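Student: I am new to this structure. Can you walk me through it step by step?

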Amino acid sequence: MTGPDRVVVVGYVPTPRGEAALAHGIDEARRRGARLVVVNSSLGDALVDEEYVQGAAERRLRSELTASGVPAELRQPVGRDVADALGAAADDTGAELVVIGLRRRSPVGKLVTGSAAQRVLLSVDCPVLAVKAPPGREEGPPAEGL
Amino acid sequence: MALSELAGGFADALTVTNLLFALIGVVLGTAVGVLPGIGPAMTVALLLPVTYSLEPTSAFIMFAGIYYGGMYGGSTTSILLNTPGESSSIMTALEGNKMAKSGRGAAALATAAIGSFVAGTIATLLLALVAPTVVDLAIGITPADYFALAVLAFVAVATVLGSSPLRGLASLGVGLYLGLVGTDVLTGQERFTLGIPQLSDGIDVVVVAVALFAVGEALYVASRLRRGPVQVMQASGRYLTRSDLRRSVGPWLRGTAFGFPLGALPAGGAEIPTFLSYATERKLTKHPEEFGKGAIEGVAGPEAANNAAAAGVLVPLLTLGLPTSATAAIILAAFQGYGIQPGPTLLTTESSLVWTLIASLLIGNLMLLVLNLPLAGVWVKLLRIPRPYLYAGILMFASLGSYAVNADPLDLVLLLVIGLLGFAMRRFGWPVAPAVIGLILGPVAETNLRRALAIGDGDLGVLVDTWFSRVLLVLALLALVVPIVLRAVRGRRATPEELQEGSGLRHREPAAATHEGRGEQ
């Protein structure tokens, strides 16, 4: 890989919290003079995964990355859990920061389905920056549509 | 008179219970049609044990709803995901997905749904008109004739469908063998029971069908679980425009004309008529430049054809007791489970059942139109269910159903063993349908063969005594020889699956410059 050795990893999903994570990731990479590794993964266990960007959404993301001016790369591993994929990307690149998006959860909801963010916080070796979607754009269930 | 009896059927079908079962059937059918790998045949097989406690009429209304619903559901995934849920929807994916990609998803879904409705309604009415006539012709049928019909169905299903006649015949052999296990009715000899007392009653059809379809498919999916998700297109753009409608009407009617008779033939099933319909529309179109880029004719024709074929398949099933597709074979098994033998006498002995069923099909067709046109997006959400959950549920139902038939643990062992066989068949490209048809039709054919031989005092000549059986046996011979000769002369024939792959339709398009209609709504 070309570009600086310093790396910021962003966990991206095409939702407000993912966009927030990406925006903060771009800011951080710019401030640190680091390159950006954007990870958008899918467990690949369902035929449709709306958090895995493809087609027009992928092109939009790539042009957004280009427009930011920060050297960036998009990784889309399939078949690993989000926390594993982010951890692997962080280890692999020697990342100095991982940025993830959080959503508000009720204690009961978390008890039932667990939390990917929590697994990232506990397993990744470097500092983790967790951001929420801007107020008023918080999500309930995963976004509709594409 | 068929129409007055049909009116009577409507009176019976419009009860709350029957409407409810029709609704359950079409909802379930659409759902399984949407999910790839899970089809109406598997669903009806899974539901067989459940329905032994139901009224026959309710059960068959539900099964027929599942059968029709599966045809509708398959088109939704073909168009929006380029992932045909059913083999009969493969041709729809060719043009339908291209239409969705260029922002005309809604029009593609509309022409598919309305075309299915039009074709389903016409074909079901044809079924109502044709069935009594076929019964009149079939009433004088001898056991030897029936045997010849069964032979033709066996050979045609095995050699005409699928990529390889040999694999089809091998699969048929597996089914015929499994059908032989048990006690011979005439002599009381035990056949292939391996000395296991429970096997002297034969292997229950439910166990074999559930194992081949559900367990085999679950193991196969598990063997290649992790695959990248596919891209979902929006059902965007306008529903049918005036010109879309004008371009769709012809293909709908021609698709019906292909689907109904071909579905009714012994080599039935919906694959061939959809294939023919697509090829015809491609030749007849006034917009040849659009084919391959999203021509509405290429969606309208095949979708009409597959629904018409579903109705066509019911003709030999209800009038002769001859199943020509896997789902029809399992519905035949359900009839046998109720102690009803479909055949020329069915229309007189179970007249109200048959006419209520036909009326329910017309009602179910209307329900499907209402369910599918506005709700396509909801059905696609089903595909977000992670496969492990989905197949764990199916395996649980499969085990429960197989155990419930006889409450015998041996059935669970058989379920697993035959399930492994089903996995191997999928792994090596053996079609499952001939095995199921062999299993269910095999014993019926054998009974007729033995009866014919008994009548003729063991003289094999009795099998070619009538012109009817002679013609059928010659046709069976042709169905066996012609595909093999054609292969030798022309090389391998492309199956619809290969056509889909070959023409550059992949599940995930590389960043091609197709524009999506996201902003156009």
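Student: How many helices and strands does chain A have?

Tutor: Follow chain A from the N terminus. The elements run β-α-β-α-β-α-β-α-α-β. The count for chain A is 5 helices and 5 strands.

Student: Which element of chain A has the lowest mean pLDDT, and which the highest?

Tutor: Chain A averages a pLDDT of 82, and 86% of its residues score at least 70. Over residues 141-146 of chain A, pLDDT stays under 50. Where pLDDT is low, the predicted coordinates should not be read in detail. Among the elements, the lowest mean, 67, belongs to helix H4 (residues 107-113) of chain A, and the highest, 92, to strand E1 (residues 7-11) of chain A.

Student: What is the order of the strands in the open sheet of chain A?

Tutor: Strand E3 (72-75) and strand E5 (128-132) of chain A each pair on one side only. The pairing in this sheet of 5 strands is parallel. The order is E3-E2-E1-E4-E5 (chain A).

Student: By what angle are neighbouring strands of this sheet turned against each other on average?

Tutor: Here the direction of the strands is ignored. The average is 20°.

Student: Which residue is the bridge partner of Val8(A) in E4(A)?

Tutor: Strands of a sheet pair through backbone hydrogen bonds. E1(A) pairs with strand E4 (residues 97-102) of chain A in the parallel sense, over 3 bridges. Within E4(A), the partner of Val8(A) is Leu97(A).

Student: And in E5(A), what is the bridge partner of Val99(A)?

Tutor: E4(A) and E5(A) run parallel and are joined by 5 bridges. The partner of Val99(A) in E5(A) is Leu129(A).

Student: Why is E4(A) described as largely enclosed by the rest of the structure?

Tutor: A residue is buried if 20 or more other C-beta atoms lie within 10 Å of its own. Across chain A, 37% of the 146 residues count as buried. E4(A) is largely enclosed because its buried residues number 5 of the 6.

Student: Which strands does helix H1 of chain A touch?

Tutor: Helix H1 (residues 16-32) of chain A packs on the sheet, and its direction makes about 155° with that of E4(A). Another helix, H3 (residues 82-93) of chain A, lies across E1, E2, E3 and E4 of chain A and runs at about 170° to E1(A). The strands touched by H1 of chain A are E1, E2 (35-39), E4 and E5 of chain A.

Student: Are H6(B) and H15(B) roughly parallel or antiparallel to each other?

Tutor: The axes of H6(B) and helix H15 (residues 351-381) of chain B come within 9 Å and cross at roughly 180°. Residues making the contact include Phe117(B) of H6(B) and Leu369(B) of H15(B). Angles over 145 degrees count as roughly antiparallel. The two helices are therefore roughly antiparallel.

Student: Is Phe192(B) buried or exposed?

Tutor: Phe192(B) lies in the loop between strand E2 (190-191) and helix H9 (205-223) of chain B. Its phi is near 50°, a positive value in a residue other than glycine. Most residues other than glycine have a negative phi. Because it has 12 C-beta neighbours inside 10 Å, Phe192(B) counts as exposed.

Student: Is Ala407(B) buried or exposed?

Tutor: Ala407(B) sits in the loop between helix H16 (387-406) and helix H17 (409-427) of chain B. The phi of Ala407(B) is also positive, near 50°. With 7 C-beta neighbours inside 10 Å, Ala407(B) counts as exposed.

How values were computed:
Residues numbered from 1 in each chain as written. Chains lettered and ligands numbered in written order. Predicted model: local features only at pLDDT ≥ 70, side-chain atom pairs only at ≥ 80, totals over all residues. pLDDT = per-residue confidence, 0-100. Helix = DSSP H or I, 4+ residues; strand = E, 2+ residues; numbered from the N terminus. Contact = placed C-beta atoms within 7 Å. Pairing = 2+ DSSP bridges. Axes fitted to C-alpha atoms, helices over the stretch in contact; angles between N-to-C directions. Parallel < 35°, antiparallel > 145°, perpendicular 65-115°, else oblique.
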